[in-house]
Amino acid sequence: MTDEGSPLDCLRRICLGFPEATEKEAWGDPTFRIRNRIFAMMKRGDGRVSVWLKAAEGMQQLLVEADERQFFRPPYVGHKGWVGIRLDDDPDWGQIAYHIRESYLMTAPKSLRDKVA
């Protein structure tokens with residue numbers, strides 16, 4: 001994964017590469033969905049660019065403790081285990097793609113999960 005383009009361009013390349021993934025604006029920001037269920041959302045509300053994703057149980061805490069400059073507990077969905085990843089400070093797009101893939105797999109029905117390598 002290259003990091004050419006804006007953070008939104010990079011997110012689109014990753015998220016829209018999954019089977020049946022779509023983009024829809026909500027709350028003034030782009031969200032990425034599978035069958036109308038959100039698996040990733042770009043946020044800019046706090047003056048910083050980030051992506052919010054579903055995370056496996058316990059993963060949010062591990063990521064935030066490992067690097068609180070990049071990972072955070074987002075408002076509104078953090079209590080449900082979602083994790084925020086900051087995108088405005090030279091992010092590791094390979095790592096971000098991995099976390100987006102995991103979020104997609106947690107959201108997609110089995111028939112689509114089986115199509116993801």
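## Surface and basis of the model

The accessible surface of the protein chain amounts to about 6,600 Å², and 49% of it belongs to carbon and sulfur atoms.

The model is predicted: local features require pLDDT of at least 70, side-chain atom pairs count only at pLDDT 80 or more, and totals for chains, interfaces and linings use all residues. Residues are numbered from 1 along each chain as its sequence is written, and side-chain values use heavy atoms, with hydrogens and water left out.

## Overall fold

The protein chain contains four helices and six strands. Read from the N terminus, these elements follow the order α-β-β-β-β-α-β-β-α-α. The radius of gyration of the protein chain is 13 Å, close to the 13 Å given by the globule rule for 117 residues, so the chain is as compact as a globular protein of that length. Helices (H or I, at least four residues) and strands (E, at least two) are DSSP runs numbered from the N terminus. The radius of gyration is taken over C-alpha atoms, and the globule rule is 2.2 Å times the number of residues to the power 0.38.

Along its principal axes, the C-alpha trace of the protein chain spans about 35 × 30 × 25 Å. Of the 117 residues, 45% count as buried; buried means under 20% relative accessible area, exposed over 50%, and partly exposed in between (1.4 Å probe, protein chains only). Among contacts in the protein chain with a separation of 6 or more, 43% are accounted for by residues 24 or more positions apart. Contact here means heavy atoms within 4.5 Å.

## Charged side chains

The protein chain carries 18 positive and 18 negative side chains, and the centres of the two sets lie 9 Å apart. Lys and Arg count as positive and Asp and Glu as negative, while His and the chain ends are not counted. Each charge is placed at NZ of Lys, CZ of Arg, CG of Asp or CD of Glu.

## Cysteines and helix α1

The structure holds zero disulfides. A disulfide is a covalent bond between the sulfur atoms of two cysteines; the criterion applied here is a pair of cysteine sulfur atoms within 2.5 Å. For Cys10, the closest cysteine sulfur is that of Cys15, at 11 Å, which is too far for a bond. Cys10 is buried, at 0% relative accessibility, and Cys15 is likewise buried at 0%.

Cys15 is found in helix α1, which covers residues 7–15. Not counting residues up to four places away in sequence, Cys15 touches Ala21, Phe32, Phe39, Ala40 and Ile100. The C-alpha atoms of Cys15 and Lys43, 28 residues apart along the chain, are separated by 15 Å.

## Two loop residues with positive phi

Trp27 lies in the loop between β1 (21–26) and β2 (29–34). Although Trp27 is not a glycine, its phi is positive, at about 60 degrees. Trp27 counts as exposed, with 63% relative accessibility.

Arg35 is located in the loop between β2 and β3 (37–43). Arg35 is also not a glycine, yet has a positive phi of about 50 degrees. With a relative accessible area of 47%, Arg35 is partly exposed. Its contacts, leaving aside neighbours within four places in sequence, are with Glu20, Pro109, Ser111 and Leu112.

## Helix α3

Thr107 belongs to helix α3, which comprises residues 93–107. Its relative accessible area is 2%, and Thr107 is therefore buried. Leaving aside neighbours within four places in sequence, Thr107 is in contact with Ile34, Arg37, Ile38, Phe39 and Lys54.

Arg101 also lies in helix α3. Arg101 counts as partly exposed, at 26% relative accessibility. The C-alpha atoms of Arg101 and Leu16, which are 85 residues apart along the chain, are separated by 11 Å.

Definitions and conventions. Accessible areas come from the Shrake-Rupley method with a 1.4 Å probe; for residues, only the protein chains shown count as cover.
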